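Good morning, colleagues. Please look at the sequence and the structure on the screen.

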Amino acid sequence: QVQLVESGGGLVQTGGSLRLSCAASGSTFNCNARGWYRQAPGKQRDLVASISSGGSAKYADSVKGRFTISRDNAKNTMYLQMNSLEPEDTAVYYCYHKCGPPWLLSDYWGQGTQVTVSS
C-alpha cells in the first residue's frame, strides 16, 4: 500500500505562484509513474504533469512553461511548482502514483488540495 498526502494549496491572485507537495509513504519502492491531476467543478479530472522513474517530465499544453514537476527521492516527495497562475487553473489538485509489479499495477491518489486563483 502507498499513502499520499498533498499540501500547499491555497488562494492566490492572478500571476501568483504556489508550490504543491505530495509526500509518499508505504511501499513506494516499485512506483514507476507519478504525477498531478486537477479537477475543476463540473469537469473531468485531467492530467497536469507527470514524471517517470527516470525523471522525464510531461505537461499538459495549458501549463507548459508555467508549471514544473519535480521529485526529491531522499524525501519521497513530489512537487508541482506553479507560476503565472490564471483563474483557469482553479481546481482541486490530486497527486497520483502508479505502483506495483508489472502484472499488478495499482493507482494511488492523494486526498486533493484546493487551488483557487482570483482575478
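**Disulfide links**

The link of Cys 22 and Cys 95 is right-handed, with 60° about the S-S bond. Cys 22 lies in strand E3 (residues 18-26) and Cys 95 in strand E9 (residues 91-99), so this pair ties together parts that are 73 residues apart in sequence. Strands here are DSSP runs (E, at least two residues), numbered from the N terminus.

Before I continue, a word on the source: this is a predicted model, in which local features need pLDDT of at least 70 and side-chain atom pairs count only at pLDDT 80 or more, while totals for chains, interfaces and linings use all residues. Residues are numbered from 1 along each chain as its sequence is written, and side-chain values use heavy atoms, with hydrogens and water left out.

The S to S distance between Cys 22 and Cys 95 is 2.2 Å; a disulfide is a pair of cysteine sulfur atoms within 2.5 Å. Are these two cysteines buried or exposed? Cys 22 is buried, with a relative accessible area of 0%, and Cys 95 is likewise buried at 0%. Buried means under 20% relative accessible area and exposed over 50%, with partly exposed in between (1.4 Å probe, protein chains only).

How many disulfides does a search of the whole structure find? It finds two. Cys 31 is also joined to Cys 99, with S to S 2.0 Å. Cys 31 is in strand E4 (residues 31-39) and Cys 99 in strand E9, 68 residues apart, and the pair links distant parts of the chain. The torsion about its S-S bond is about 95°, so the disulfide of Cys 31 and Cys 99 is right-handed. Both Cys 31 and Cys 99 are buried.

Finally, with the bonded cysteines of the protein chain numbered in sequence order, the pairing reads 1-3, 2-4.

Terms used:
Helices (H or I, at least four residues) and strands (E, at least two) are DSSP runs, numbered from the N terminus.
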